[in-house]
Amino acid sequence: MHAKENHGIQIRSGYAWLFLFIEIQLIIFYAIFVEWGPNSDYANSSTNNASTNENLQTYYPIFQDVHVMMFIGFGFLMTYLRHHSWTSVGVNFLVTVLAIQLYFLFAGFWKRIFGSESWEERIHINTTMMIQADFAAASVLITFGGVLGKLSAYQMTLLTIIEVFFYAFNEELNFYSVQVFDVGGSMTIHAFGAYFGLACTWFISKKLAKDHPKNASNYNSNLFGMIGTLFLWMYWPSFNSALETGNGMLRTQICTLFSLIGSTLTTFMLSALYKGGKFHMEDILNATLAGGVMMGSSANVVQYPFAAFIVGCVAGLVSTFGFETLSGVLQRKIGLYDTAGIHNLHGMPGLLGGIVSAIFVAATTEKQLGMPVEQYFFGRSAYKQGGIQIACTFISVGIGLFGGIITGLLLKIDFLNPPKEYYDDHEFWEIDGEAPKDDSVIKIPNTHVQPDNVHVSERVNTDRIFMQTEENLIQMKDNKEKEKQINTEKFAKYE
């Protein structure tokens, strides 16, 4: 039986034409404004083969790593909602490919506005831009975590268009105009995407998001979420080092790995302390990754390897505290319903990452660099560049909030077929067979979005139910064994 018969909420098919309309417009823009770059042009194929091969060998493997993070890492991390896993991984797929396609056009537009490229030239595609397009998609996927379960695919399409436009502006401003050090995107990707999402979700979240019974995970959905976490954890050094070169690339990879180790160990420790000696899967799914976020801005300017462990430990501490304590406070005080806890994984670690980068940059010496500090920092002193780092951190946060407010106000109008029921795949998917039932598995409430201490008693009750169920199963097994033994004795007696 089709699940849609029970849930009666139909997509108005007219909205599906939106995708065709957008794609036709993008194809027209590509036909007018985009052409092959020097490393992919037919005319230069005989002279540029060596440089093209070197470029591909350096950047394409990294591009593949970042690609895996976007589609598998982010996609499966958000499948933890037990009734929303199809939408999580499916819409993740949709907005990623759309964001990549949009980025080339918007980045080319802002480069010409800021004067770094001429209006007389067409946009050239190269491997570096392919990686940067994935970075733009990452910022949208971070935002997606904040609004998860509360927007339709059509609304997410509008959000993606607006956010990539603002992202490309923020990137061009910080990297090519102001010239900031942010190799792994703590400020321009994570902080920007998180605060864009938080501003948006504050406007679009309705009261029905509060204590929603489907805003919870179960044993299997958390297991699928852990797949995403592990892929993100493994490939994060590639993400942070994707646009670095030479010694800086290796240094970035090592520092990112060390920071991830620090955040993972700290998260396991704090999670056990919060939960009386047991680990909480929500903490492990998210806060273990905070080291990669916080290290993004400074991974290539860290003076000593041990400092990366310290950064990771601080990131794990801040993120776990956010999931266990701060999110509930923000929900009660200002009504901020952050579904996946992006403030804890991307917002605060990204903001702190930008500030930490200022400390590392200001501490940089000529002896360490082997060259004048001014030569390395775009003609600035170390202290001045440190000030630029802090300024750009808050610029990224401000642009993210501004873009999120605009997007939230537009989406609050309730057009583009908004969901009638939050956190439910039945809204927008044709589901064959029997759909998951609320009582088919044990629910694990997402503690960071509970407004009161209700989750504590719910968790205790859940554990008690599980223990009772286990005891009943053991008792049933013992009864069957006894019954079998009695029947055997009776049969032997008759023989």
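Does phenylalanine 169 count as buried, partly exposed or exposed, and at what relative accessibility? Phenylalanine 169 counts as partly exposed, at 24% relative accessibility (buried means under 20% relative accessible area, exposed over 50%, partly exposed in between, with a 1.4 Å probe and protein chains only).

Welcome to a predicted model, where local features need pLDDT of at least 70, side-chain atom pairs count only at pLDDT 80 or more, and totals for chains, interfaces and linings use all residues. Residues are numbered from 1 along each chain as its sequence is written, and side-chain values use heavy atoms, with hydrogens and water left out.

**View A. Tyrosine 60 and phenylalanine 63 share helix α3 (residues 49–77).** They sit three residues apart, about one turn of the helix (helices are DSSP runs of H or I, at least four residues, numbered from the N terminus). Their ring centres are 5.5 Å apart and their planes at 45 degrees, so the pair is tilted (rings of Phe, Tyr and Trp, the last by its six-membered ring, pair if their centres lie within 6.5 Å; planes under 30 degrees apart count as stacked, over 60 as edge-to-face and the rest as tilted). Tyrosine 60 is partly exposed at 34%, while phenylalanine 63 is buried at 8%.

**View B. Phenylalanine 114 and phenylalanine 169 form a tilted aromatic pair.** The centres are 5.9 Å apart, with 40 degrees between the planes. This pair links distant parts of the chain, helix α4 and helix α6 (residues 153–178), 55 residues apart. Phenylalanine 114 is partly exposed at 31%.

**View C. Arginine 112 lies in helix α4 (residues 85–114).** Arginine 112 is buried, with a relative accessible area of 6%.

Technical notes:
Helices (H or I, at least four residues) and strands (E, at least two) are DSSP runs, numbered from the N terminus.
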